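Subject: Structure handover

Hello,

Here is the structure I promised to pass on. Please open it first, then read my notes below.

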Amino acid sequence: MRSFIRRIAVAAILAPAAVGAASMIASPAEAARAKVSEEVLQTEVNRLTNIERTKHGCPAVTVNAQLTQAARGHSGWMAQTGTFSHTGSGGSTFTTRAQAAGYASASGENVAFGYRDAAQLVNGWMGSPGHRANIVNCRSTTVGVGAVYAVDGTAYYTQIFGY
């Protein structure tokens, strides 16, 4: 059952400026073996995210090393443990992971796994209201993406936005 849930679930959490957060779920494509480096994949996710932002009237976000560190750490943990969740190692959240990496104001997080490439991933996120809301939140100014392959070649993704 756990494997089935991991294959069909992609969750996003939106951290609005107000108190509280909401979770959203979408369906990913089938997993495939690694074809490009993690860094190339991360760069392409960032590029496609900015294309979507500008199409929706938002300024491009800049890549932030601290958010990238937090995102890569969470993706690595998910890939290593086979866990798919916004709750990370030791009960961490995207805000606590960003703060631990030195970034004070995270604004939202998207997570996914199993997408074969950046275009499928970003298209999947844009097809989900919660993911889309994070991507086109014009108040966000920075982003970090972590793409990490599990031993079996499944890619795990984390995208953290910041103010």
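Start at Glu38. A polar atom of the Glu38 side chain sits 3.0 Å from the backbone nitrogen of Tyr149. Bear in mind that this is a predicted model.

Glu38 belongs to helix H2. Is Glu38 buried or exposed? Its relative accessibility is 18%, and the cut-off for buried is under 20%, so Glu38 counts as buried. Beyond its neighbours within four places in sequence, Glu38 touches Arg72, Ala147, Val148 and Tyr149.

Next, the overall layout. The protein chain has six helices and six strands. Along the sequence they run α-β-β-α-β-α-α-β-α-α-β-β. The chain holds 163 residues, and 50% of them count as buried. Take the contacts in the chain with a separation of 6 or more: 71% of them are between residues 24 or more positions apart. The exposed surface comes to about 7400 Å². Carbon and sulfur atoms supply 58% of that area.

The largest nonpolar core has 19 residues. Leu41, Val45, Ala112, Leu121, Trp125 and Tyr157 have the most contacts inside it. Which elements give two or more residues to this core? They are H2, helix H5 (118-126), E5 and strand E6 (155-162). H5 gives the most, with five residues. There is also a second, separate core of nine residues. Leu67, Ala98, Ala106 and Ile160 are among them.

Last, the disulfide. How many does a search of the whole structure find? The search finds one. Cys58 and Cys138 form it, with their sulfur atoms 1.9 Å apart. The torsion about the S-S bond is about -75 degrees, so this disulfide is left-handed.

What does the pair tie together? Cys58 lies in the loop between helix H2 (38-55) and strand E3 (62-63). Cys138 lies in the loop between helix H6 (129-135) and strand E5 (142-149). The pair therefore ties together parts that are 80 residues apart in sequence.

The two cysteines also have their own accessibility values. Cys58 is buried, with a relative accessible area of 4%. Cys138 is partly exposed, at 39%.

- Glu38 in helix H2, then the backbone nitrogen of Tyr149.
- The disulfide of Cys58 and Cys138.

Best wishes

Note on methods: Residues are numbered from 1 along each chain as its sequence is written. This is a predicted model: local features need pLDDT of at least 70, side-chain atom pairs count only at pLDDT 80 or more; totals for chains, interfaces and linings use all residues. Side-chain values use heavy atoms; hydrogens and water are left out. A disulfide is a pair of cysteine sulfur atoms within 2.5 Å. Helices (H or I, at least four residues) and strands (E, at least two) are DSSP runs, numbered from the N terminus. Buried means under 20% relative accessible area, exposed over 50%, partly exposed in between (1.4 Å probe, protein chains only). A polar contact is a pair of N or O atoms within 3.5 Å; within protein, one must be able to donate a hydrogen and the other to accept it, and residues adjacent in sequence count only if both atoms are side-chain atoms. Contact means heavy atoms within 4.5 Å. A nonpolar core is a set of buried Ala, Val, Leu, Ile, Met, Phe, Trp, Tyr and Cys residues joined through side-chain atoms within 4.5 Å. Accessible areas come from the Shrake-Rupley method with a 1.4 Å probe; for residues, only the protein chains shown count as cover.
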